[in-house]
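Welcome, and thanks for taking a look at this one with us. Here is a short briefing to keep beside the viewer as you explore.

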Amino acid sequence: MVHLRDGLIVEIAPQIESSGIPVIDGGNRYLMPGLTDMHVHVWDAQELGLYLANGVTTVRNLWGQPMHLRMKESIRKREILAPDFYTSGPKLTGPDYHGDDNLQLVSVAEARKKVASYKARGYDFIKTYHGLTEELFDAIIAECRMQKMDIAAHPTAAIPYAAHLRPEIISVEHTEDIVQQALNYQLDTAGLDRIVADYASFPSSAHCPTLVVYYNIYRLLTKERILEASELDFMNPLIRMVDSEAQYQRWSAAAKSDSLLADKILAQHRFHLLAVRKLQEAGVNLVAGTDAGIGITPAGVSMHQELAFYREAGKSPFEALKTATVNPAKTHAFLANTGTVEVGRKANLVLLQSNPLIDPATLRKPLGVWVGGRYIPREQLEAFTGHARDRKNLLPSALRYAEYLLRER
């Protein structure tokens with residue numbers, strides 16, 4: 001028996017006095033911590049329901065916008081039922097890295113001012129992005145140290161890859177950037193060993209692989225009529241119309257000039273699996289992230305594919321589950337009381353039909369989910385899935401994105 005009170009686990013015992021307390025009978029099934037997706041892009045409340053329906057009880061949003069601050073407040077007030085939700089501020093880049101999805105910084109003073117303003121406005125951490133110069137990167141680091149703000153780093157090519165391993169940076173994102181930045185697009189095992197050694201020598205740094213989003217490039221190149229796949233019904237309508245289509249066109253055009261492109265993408269994906277195995281063997285803290293919400297990577301269900309890739313890389317089912325439970329709890333302070341079923345931890349839990357160490361597929365259909373002690377039965381989880389599939393919110397999504405462009409850029 002597991003006793004929950006005020007959103008926490010307060011007692012675990014073979015038998016607990018339950019007079020006057022509602023009891024949910026688990027029916028000899030399996031209880032485990034809810035999953036954490038450490039790298040997502042959230043566009044609407046329906047995606048939050050998809051995460052819950054797939055047993056994900058905590059998400060870390062890596063592209064903060066004003067709508068996410070309102071979302072945080074609605075979750076805090078219990079106006080919407082959602083995973084624990086944490087968000088970075090807007091992506092910080094350098095002056096020459098263009099794109100309306102980025103915040104281009106032009107000076108050290110501006111870099112420091114942005115970090116301070118994001119802290120004051122309620123963003124949970126900072127995301128540094130490709131394109132930052134060394135001077136701007138150092139300024140962000142210094143201001144985050146002063147503001148006590150954590151950083152999640154998408155590596156920037158202006159500094160050595162290993163320079164991202166430092167106390168202020170909680171996690172370094174994307175195994176693909178080990179290849180594309182640290183190894184200059186070479187599938188170099190000796191170079192990989194050096195990077196793994198760098199991580200191992202800095203144990204406070206976590207690595208977030210996001211293997212599934214890269215593998216989906218291969219699917220874009222090889223799966224016929226991929227944009228008509230039923231799984232894309234769960235993408236936000238604006239993202240499906242704009243980003244999914246743009247990525248398909250980009251990679252289709254690239255394939256016309258390189259007949260071997262799909263083979264190259266698959267070879268790099270397999271090298272990513274090798275990198276994950278070597279990082280695991282070196283004791284590096286690996287935290288599961290999917291980059292869901294962009295391209296053709298839908299919310300929630302993509303976590304199961306990500307964990308499957310970790311098992312393919314050589315992790316045991318137990319080690320794979322740790323990347324989405326106890327390992328994230330070793331990163332940010334705001335995640336420290338998650339990830340295990342023990343007294344004092346947050347009551348973010350998943351009830352499963354069978355043992356996930358034997359049958360990982362059972363994670364795809366939890367019988368029930370608890371977030372902060374609130375129980376969500378299977379029927380409600382299925383309703384969340386239906387709402388996400390049937391949503392028609394293209395215009396509101398476009399207006400929220402326009403707000404981001406007007407306010408943040």
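Strand S4 and strand S5 (residues 56-61) are paired in parallel over four bridges. Please keep in mind that this is a predicted model.

**The parallel sheet**
- S4 and S5 belong to an open sheet of three strands, ordered S4-S5-S6 with parallel pairing.
- S4 (35-40) and S6 (84-87) are the edge strands, each pairing on one side only.
- On average, neighbouring strands in this sheet are turned by 15° against each other, direction ignored.

**Helices across the sheet**
- Helix H1 (residues 45-53) lies across S4, S5 and S6, and runs at about 135° to S5.
- Helix H10 (residues 302-312) lies across S4 and S5, with a direction of about 95° to S4.

- Setting aside neighbours within four places in sequence, Ile140 contacts residues including Leu92, Leu105, Val115, Ile126 and Ile151.

**The hairpin**
- Strand S1 (residues 2-5) pairs with strand S2 (residues 8-12) in the antiparallel sense, over four bridges.
- Within this pair, His3 stands opposite Glu11 in S2.
- Two residues lie between S1 and S2 in this hairpin, and Asp6 in the turn has a positive phi of about 55°.

Definitions and conventions. Residues numbered from 1 in each chain as written. Predicted model: local features only at pLDDT ≥ 70, side-chain atom pairs only at ≥ 80, totals over all residues. Heavy atoms only, no water. Pairing = 2+ DSSP bridges. Contact = heavy atoms within 4.5 Å. Axes fitted to C-alpha atoms, helices over the stretch in contact; angles between N-to-C directions.
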